[in-house]
Amino acid sequence: MSSSGKGKVWPAEWKTTKDLITGIPMRQLTNYLAHSFHLYFTNNGWYANGSKLLFGSDRNNSTNLFSLDLNSGEITQLTDYTQDAGVGIQQAFINANGLEAYFSKGKQIIAIHLQTLEEKVLYQAPEGFLLGNLSSTSDGVWLCTCVKEDLSDRIPTSLGAGYIGFEETARAKPHCKIVKIPTAGGESQVIHEDKVWIGHVNTSPTQPHLLSFCHEGPWDLVDHRIWCLNMETGEHWKIRPSEDNVFVGHEYWHEDGVTIGYHGYTESLHNKDGKFIGSIKYDNTDKAESAFPFQNMHVHSNDASLIVGDGQQTSAYHGAQYQDTVCLWKRREDGTMEGPRILCRHRGSFQAQKLHVHPRFSPDGSKVLFTSDMTGYGNLYLVDVPDFESLPMQPE
């Protein structure tokens, strides 16, 4: 392999410490004087039968795509771009065949073969539009994204660092188009468009004709957050139709590919209360929601039985003890939630999008992956999931 750039192999950086609250072994996967981060929590980064993990890192003053061997700890650099290339690694997505991944570079979508590291341009956003997140269908045939009208000449934005321009963009209702692109190459197709900010385009992991998307913006500002689209017919519909002063979001697909998970809150005159976690099938049947008195930035689960959440940065809650923890909830047979129980303390700052904790279960549910800058730089952490009852309860 080369001594630098594409194909460079970095020696294992991982080390194991014990969490100060639970005593559970916590493996720090990366340890470099630059931010490293895993893929967005809706995007599965495991491949090669679970033996490798995709992640992004800012090494050598540039953001690039890397692969970590979970058996040896060795890290392979997959791309070699300079600082000003405009590479979007956090939204990278792996094809269902496990051989190809996709990421954005400026207004282009790049496909990279995960064995040969050969790259090719798959798509170019049209003039006047910017790329959104990426998601590939469960049969591997299509790559889906959303292109958003470029409003940068009117609205200063820095969405990745502080959500600057977030509300202003939502109020401006930019023209957006959901596009599907053949992964084998060829003409793209616009399958949905609207004069509203569209984001979080997520394909079902088992149903190649289904994807979810959202009307992006502050949850209490948008007309409705979660939507589903039949890519074959063009039909789209609301998921979990809203009620007055009830807001849901951060939606994600369960592993069954027919159920969508989310969390939400009820807003009263003075504050956000009535926090709950829920799931519902894409046809709006089998809704299950449970109240829990805990604030999360994001939650994730492979099904409805065990949920992981990342709390909030402590400063946002006036120093509330143990808010900066990764916690688990378990659904009882009667539908109520038991927990939160503390898995570990993440101590993440949430200062930028790449430093959001974004906990995610491994595909087999045995581990939780998250990002934290507890050491000063963002790094990846992996924790085994123990018996739920062995974990301490989150203090009131």
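Over the ring of which residue does the charged end of R27 sit? The points below begin with the basis of the model and then take up this contact and others.

1. Basis. The model is predicted, and local features need pLDDT of at least 70, side-chain atom pairs count only at pLDDT 80 or more, and totals for chains, interfaces and linings use all residues. Residues are numbered from 1 along each chain as its sequence is written, and side-chain values use heavy atoms, with hydrogens and water left out.

2. Charges over rings. The charged end of R27 sits over the ring of W14, 4.1 Å from its centre. The criterion is NZ of Lys or CZ of Arg within 6 Å of the ring centre and within 35 degrees of the ring normal. R59 places its charged end over the ring of W10, with 4.9 Å to the ring centre. W10 also belongs to one aromatic cluster with Y32, F55 and F66.

3. Aromatic pairs. There are 11 aromatic pairs in the structure. Rings of Phe, Tyr and Trp (its six-membered ring) pair if their centres lie within 6.5 Å; planes under 30 degrees apart count as stacked, over 60 as edge-to-face and the rest as tilted. Y81 and F103 form an edge-to-face pair, 6.0 Å centre to centre with 65° between the planes. This pair links distant parts of the chain, 22 residues apart: Y81 lies in the loop between β8 (75-77) and β9 (87-94), and F103 in strand β10 (residues 100-105). Strands are DSSP runs (E, at least two residues), numbered from the N terminus. Both Y81 and F103 are buried, a term that means under 20% relative accessible area (1.4 Å probe, protein chains only).

4. A tilted pair. F247 and Y265 form a tilted aromatic pair, 5.5 Å centre to centre and 40° between the planes. F247 in strand β21 (residues 246-253) and Y265 in strand β22 (residues 259-267) are 18 residues apart, and the pair links distant parts of the chain. F247 is buried, with a relative accessible area of 14%; Y265, at 9%, is buried as well.

5. Nonpolar cores. The largest nonpolar core has 19 residues, and V326, L328, L343 and F370 have the most contacts inside it. β26 (306-309), β27 (325-331), β28 (337-345), β30 (367-372) and β31 (379-384) each supply at least two of its residues. Apart from it lies another core, of 17 residues, among them F37, L39, V87 and L117. Such a core is a set of buried Ala, Val, Leu, Ile, Met, Phe, Trp, Tyr and Cys residues joined through side-chain atoms within 4.5 Å.

6. Open sheet. Four strands form an open sheet in the order β25-β26-β27-β28, with antiparallel pairing. β25 (299-300) and β28 stand at the edges with a single partner strand each, so one side of each has no neighbour in the sheet. β25 and β26 pair over 2 bridges, where pairing requires that DSSP finds at least two bridges between the strands. H300 stands opposite V308 in β26.

7. H38. This residue lies in strand β4 (residues 36-38) and counts as buried at 3% relative accessibility. The side chain of H38 reaches the backbone oxygen of H358 at 2.7 Å, and a polar contact of 2.6 Å joins the side chains of H38 and T371. A polar contact is a pair of N or O atoms within 3.5 Å; within protein, one must be able to donate a hydrogen and the other to accept it, and residues adjacent in sequence count only if both atoms are side-chain atoms.

Notes:
Buried < 20%, exposed > 50% of the residue type's maximum accessible area, 1.4 Å probe, protein only.
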